[in-house]
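Trainee: I have a model open and want to learn how to read it. Can you walk me through it?

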Amino acid sequence: MRGEITLRLGRAVHLPIRLRPAAVISSLFVLLLATSIAGLQFGSTAIALADILHWLFPFKASDPETGSIMGLRWPRIVAALLGGAMVAASGHLLQIVARNGLADPGLLGISQGSMAAIVIGAAVFGLAPSMLVWLGLAGGFATAILVMTLAYRLTSSSGLILVGLAVGIVLIAAIEIVMVQGGILQFARWLSWSHGSLTAVSASNAAMLILWGSFLLPVSLIASSKVMPLLLGHEQAAGIGASPRKLSLLLTLLAAMLVAPVVAAIGPISFLGLIAAHIARRLVGERPGEVMPVTMLVGALILLAADTAGRTLFLPVVVPAGILISIAGVLIFLAAARLARPRR
Amino acid sequence: MKGLGLALLIVVLALLCGLHLAAGARFSSPALVFDALFHHDPRNYQHVVVVKQRLTRLVVAGYAGAVLAVSGLLLQKVLRNDLVSPSTLGINSGAVTFVVLGIYFLGLDGAALFWPALAGGIFAVGVTFLAASLVSQGGRDPLSLILGGTMTATLFSSATTFAISLDPDRFGNLMGWLVGDIGNFDYQPLTLLWPLGAFGIGMAIILCRALDLQTLGTEQAAALGADPQLIRYAALALAIPLAISAVCVVGPIGFVGLVAPHIARLLVGETGRIAMISCALIGAVIVVATDMLARTLFSPQLLHVGTVMALCGGVAFLAIVLTTLRRRMA
């Protein structure tokens, strides 16, 4: 088969490596690296590339000014990279479970479920931030199960999305009750968080994302190579010995777990999962084991690029990343919905 | 049967109005409400509360409900789609975006905001139709119009959030309006806008018969002597300004326009002038009842009407989507 080389280690081990995904993944890595450095470099104060390299590889002590600016910028970049990868992975898992190319944690109400649980936990019960992630996880999972159950057996692909959107509307209304209790400044902060914004990301947020991401991202990668049978549909999957019901439930749980810490730190980034998985499938085809890593990289790249652009292009105005992504997301959603329709 | 339903509605609305005037932080007895209305004593504080705070809210709530419900029914008839309403087509969010932009860039205020709101509503409907045609590729799937509308609403709400984040202080007294609220001074724009609402509802009642023909389908309607194109534009030209006039007064209150026509259909059927009038009454009943709930549910903490409406209306929207989908599968 063309486009494939086999790595032979002795006689027993033959590792086929498909060239296209490998090339795509490595070029995405290069792009990510370049964007990260650009993100560190630009802002209201630009920093010379040499200074950044000195800060990254402390060959010599960098001056305190660079150090403090970097201290503000790196959590944001790390949060964008991990948050983007996690939301994108969650979107791809949901697309597999729902067998619907338009699924996305923001569109199915899962992010809103996490958000509602976090807001109510924080504002009404005054829980500590470390508890909030678990609460968000429970809220997101419960919403996912609710939406999937309500939309069970609905054949039309827009049906699931509409059910998710309706559930999301109810949850947003519940959040609004809490949101409007403070003044307009707090309302504006809630509002930009509710669209996803990296402005308020702190080093502890970044550390939390690193903690969750370093466990969940490898798990999603492993999981994605096991889910091929689900693409055939539940009957066929059961026919070849997989247990679709259990697998779907586990994947949904995983998807909710991926979203909860991101919602807690950054807010819901709607449409990111949809966009990233769509681009990834365009790049490497349909195999979940290959699409998943590409989806993660594309998600990380999009969120980082959107945040860096929103932070630097329109200075002194800062556009929250979530807003740029929603606007791009709506357009891509429409294009994807058009392509997803069966050809006549 | 139809007359009975209408009479029932009028009685319910009257009772609810009385209850609305009586309920609040301090319950006023029916006798007091009666006195406040008919033997008004400007030096009696309780009379002032009933007339200046509760009556004005009642009028605003009734107006917004009636106007949004009629707008929803017009849209549902002319597009032959049970799921459309001013909020699900994105009209509300388009209007909000343009109002916020109008305040920010042009410094408009008061009733002058009607014009940017109208422009926003029309623009949003255009975007929704465009989005729906992209999704459906010319098929007549009722869901794709709603999907297009929701996407449009997402787009506009992002733009609104962005505009507010530019300078939150400037929108300080707009917070309630942004989620939909009936304030004590909302009757002021209403004094300018009510003729539009009255005219719109009147025209809707006159156009009713032609619209009912329209629901048979374009060909049949044309065969029976109606001009489908003209009726369609007339109905849209009525429905959008009607919804906008409510948005200008109370903010984007969703789902009245979606739910009221469905209740009217259950009570008095789908066609005829009585259905249109009932729909307006039902809309008024819904918003008045929601306003009362918002004021009393968590008192002394006040909720916003728009929020309570989104909670209940979102559930109703979900139910309507599910029944539409199930019916289609059966």
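**Reading the model**

Mentor: Start with burial: of the 330 residues of chain B, 52% count as buried. Buried means that 20 or more other C-beta atoms, placed from the backbone, lie within 10 Å of the residue's own; 12 or fewer means exposed, and in between is partly exposed. This is a predicted model, where local features need pLDDT of at least 70, side-chain atom pairs count only at pLDDT 80 or more, and totals for chains, interfaces and linings use all residues. Residues are numbered from 1 along each chain as its sequence is written, with chains lettered from A and ligands numbered from 1 in the order in which they are written.

Trainee: How many helices and strands does chain B have?

Mentor: Helices (H or I, at least four residues) and strands (E, at least two) are DSSP runs, numbered from the N terminus. Chain B has 13 helices and zero strands. Its radius of gyration is 20 Å, close to the 20 Å that the globule rule gives for 330 residues, so chain B is as compact as a globular protein of that length. The radius is taken over C-alpha atoms, and the rule is 2.2 Å times the number of residues to the power 0.38. Along the principal axes, the C-alpha atoms of chain B fill a box of roughly 65 × 55 × 35 Å.

Trainee: At what angle do α3(B) and α12(B) cross?

Mentor: Axes are lines fitted to C-alpha atoms, for helices over the stretch in contact, and angles run from 0 to 180 degrees between N-to-C directions. Helix α3 (residues 45-79) and helix α12 (residues 273-296) of chain B cross at roughly 135 degrees, with axes that come within 7 Å. α3(B) and α12(B) are therefore oblique to each other. Under 35 degrees is roughly parallel, over 145 roughly antiparallel, 65 to 115 roughly perpendicular, and the rest oblique.

Trainee: What classes of residue make the contact of α3(B) with α12(B)?

Mentor: Contact means C-beta atoms, placed from the backbone, within 7 Å. Residues of α3(B), including L58(B) and A61(B), meet residues of α12(B), including M276(B) and C279(B). The contact has 16 nonpolar, three polar and two charged residues. Ala, Val, Leu, Ile, Met, Phe, Trp, Tyr, Cys and Pro are nonpolar; Asp, Glu, Lys and Arg are charged; the others, Gly among them, are polar.

Trainee: How many residues does each chain give to the contact?

Mentor: Chain A gives 38 residues and chain B gives 36 residues. On chain A's side, the largest share, 14 residues, comes from α6(A). That side has 28 nonpolar, seven polar and three charged residues.

Key. Contact = placed C-beta atoms within 7 Å.
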